[in-house]
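Please look through the sequence and the model shown here before reading on. The report that follows takes up the chains, their contacts and a few single residues in turn.

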Amino acid sequence: MSSPAANGHLDHHHDHTTSTGIPNKKLLWWAFLASDCMFFGALISSHLVYRLNPPPGNAVPTQVFNIELTSFSTFILLMSSLLMALAVNAIQKGNVKSTRTMLLGTIFFGCIFLGGQVFEFTHFVADKHMTLSNSIFGSTFYTLTGTHGTHVAIGVLLLGMMYVRTFKPTHGGSLGRNFLHLLAFAAAAGVAFLFFVPGLLEVIEGESLSAMLSHDAKPLLLGAIACAALVWFARTSNPAVEFGEKNAIDVEAIGLYWHFVDIVWIIIFTAVYLLEYL
Amino acid sequence: MSAPTAPALAAGHHEPSKFHFYIQIAMILAVITGIEVVLVYLPIVKWLVVTTLILLSTVKFMFVIFFFMHLRWDKVFCTILFFIGLVLASFTMFSLMKLFASDAAKPLTAAALDFARTTLG
């Protein structure tokens with residue numbers, strides 16, 4: 001009996017070559033996400049326990065939080081999940097060009113979310129004087145949201161690696177080129193969420209654009225060069241690529257991780273931010 | 001979206017497009033988020049707001065895992081595997097919250113702490 005894969009039929013949800021009928025990569029990711037649920041469960045409950053019994057000298061969350069910015073970040077993360085789902089949908093139809101666009105969109109939204117978090121943390125420390133060690137609230141808050149932010153940053157890196165992989169040519173070595181492509185991506189994403197997005201948020205908050213440009217001139221220049229390099233890599237790439245419908249499971253696996261950071265944020269947004277306003 | 005590549009068309013089998021379906025799900029999630037933010041500012045009794053927020057978050061959570069993460073179309077084993085972790089995490093959270101809600105778990109006031117230090121040496 002010939003397998004569905006041998007007939008040219010790719011069943012993206014079921015793999016008849018494994019004993020469970022589920023592709024091993026997908027099974028691995030689901031098992032990892034199940035364990036990560038417990039990890040975040042412990043962090044969220046630690047935060048809530050100390051919020052129920054606040055020790056003396058704790059920061060007042062409603063005086064610290066900026067709920068408008070957090071709501072915006074939540075919306076951005078939800079929309080990034082949409083783009084991720086569309087990227088999986090596109091590669092399942094073998095549409096590599098559309099997959100690249102959707103992956104870049106997801107990365108872009110991920111960088112906006114991370115930039116919002118960098119801006120938020122900077123203001124909490126500089127203006128609200130809430131550090132990791134001067135109150136229990138600060139310790140549990142930064143640990144929880146910082147761990148989530150690290151997950152998002154890892155997700156952005158994984159998406160970037162997947163994006164670069166979509167350019168791998170069918171024939172010929174391309175290791176050096178792919179490495180430089182990934183380096184350009186990492187530089188552009190790093191500058192975006194460490195300098196560009198927080199800088200734009202500062203401008204929205206009242207700082208002048210020229211002050212922001214002069215303050216972060218060097219990193220912004222580096223980011224612009226990295227973006228130009230990304231465009232160059234995309235335009236000069238070999239049109240015959242190895243990546244295609246057969247890689248749908250790889251994109252789907254990264255997508256599972258990305259959606260997971262979204263559902264964790266759904267819980268954090270309600271439990272850590274919204275409930276404080278009651 | 002641009003047309004699929006030739007090798008993909010040659011494969012002869014494609015998932016039915018869920019493009020519009022995903023857009024609809026995302027719009028529902030965005031609207032629920034908007035409702036959540038507005039809800040905390042409305043003059044409604046606290047328990048009702050808390051219950052509604054938990055309910056709305058659960059709905060968002062389920063929408064993402066069943067539709068965006070494809071659990072709706074995957075083998076049921078994936079759902080069982082993920083829910084093992086989720087249920088364990090929920091029980092851990094519930095247990096910790098119950099445990100630390102007791103009077104003995106409440107932090108001492110500054111005066112009581114001083115008294116305890118003096119008494120116990």
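## Terms and confidence

Helices, meaning H or I runs of at least four residues, are taken from DSSP and numbered from the N terminus. By that naming, Ile84(B) is found in helix α4 of chain B. The structure is a predicted model, and its overall scores are an ipTM of 0.87 and a pTM of 0.88.

The predictor's confidence in each residue, pLDDT, averages 90 in chain A, where 94% of the residues score at least 70. Among the elements of chain A, the lowest mean pLDDT, 87, belongs to helix α7 (residues 209-215), while the highest, 96, belongs to helix α4 (residues 96-126). Over residues 1-8 of chain A, however, the pLDDT is below 50, and this stretch has nine contacts in the model beyond near neighbours in sequence.

In chain B the average pLDDT is 84, and 86% of the residues score at least 70.

## Chain A

Which kinds of element does chain A have, helices or strands? Chain A has nine helices and zero strands, so that its pattern, by the definition of these elements, reads α-α-α-α-α-α-α-α-α along the sequence. Along its principal axes, the C-alpha trace of chain A spans about 70 × 50 × 25 Å. Of the 278 residues in chain A, 44% are buried, and among the contacts of chain A with a separation of 6 or more, 81% come from residues 24 or more positions apart.

## Two helices of chain A that pack together

Two packed helices are described by the angle between their axes and the distance between the axes. In chain A, helix α5 (residues 136-165) and helix α6 (residues 175-205) pack at an angle of about 145°, with their axes 10 Å apart, and the crossing of α5(A) and α6(A) is right-handed. On the side of α5(A), the contact is made by Val156(A), Gly160(A), Met161(A), Tyr163(A) and Val164(A), and on the side of α6(A) by Asn178(A), His181(A), Leu182(A), Phe185(A), Ala186(A) and Ala189(A). By class, this contact of α5(A) with α6(A) has eight nonpolar residues, three polar residues and no charged residues.

## Chain B

Chain B has five helices and zero strands, and its pattern along the sequence is α-α-α-α-α. Of the 121 residues of chain B, 21% count as buried. Chain B is divided into domain 1 (18-72) and domain 2 (75-103), and the C-alpha centres of these two domains of chain B lie 20 Å apart.

Ile84(B), in helix α4 of chain B, is partly exposed because 16 other C-beta atoms lie within 10 Å. Between the C-alpha atoms of Ile84(B) and Leu108(B), which are 24 residues apart along the chain, the separation is 37 Å.

## Where the chains touch

How many residues of chain B are in contact with chain A? There are 57 residues of chain B in contact with 57 residues of chain A. On the side of chain B that touches chain A, the elements that give two or more residues are α1 (6-11), α2 (19-39), α3 (46-68) and α4 (76-100) of chain B, and α4(B) gives the most, with 15 residues. The residues of this side of chain B divide into 37 nonpolar, twelve polar and eight charged.

## Two histidines with positive phi

Most residues other than glycine have a negative phi. His129(A), which is found in the loop between α4 and α5 of chain A, has a positive phi, near 55°. Is His129(A) buried or exposed? His129(A) counts as exposed because it has 12 C-beta neighbours inside 10 Å, and a residue is exposed if this number is 12 or fewer.

His70(B) lies in the loop between α3 and α4 of chain B, and the phi of His70(B) is also a positive value, near 70°. With 20 C-beta neighbours inside 10 Å, His70(B) counts as buried, because the cut-off for a buried residue is 20 or more.

Note on methods. Residues are numbered from 1 along each chain as its sequence is written. Chains are lettered from A and ligands numbered from 1 in the order in which they are written. This is a predicted model: local features need pLDDT of at least 70, side-chain atom pairs count only at pLDDT 80 or more; totals for chains, interfaces and linings use all residues. Axes are lines fitted to C-alpha atoms, for helices over the stretch in contact, and angles run from 0 to 180 degrees between N-to-C directions. A crossing is left-handed if the near helix is turned anticlockwise from the far one by less than a right angle, and right-handed if clockwise. Two residues are in contact if their C-beta atoms, placed from the backbone, lie within 7 Å. Ala, Val, Leu, Ile, Met, Phe, Trp, Tyr, Cys and Pro count as nonpolar, Asp, Glu, Lys and Arg as charged, and the others, Gly among them, as polar. pLDDT is the predictor's confidence in each residue, from 0 to 100. Domain bounds come from an automatic or database domain assignment.
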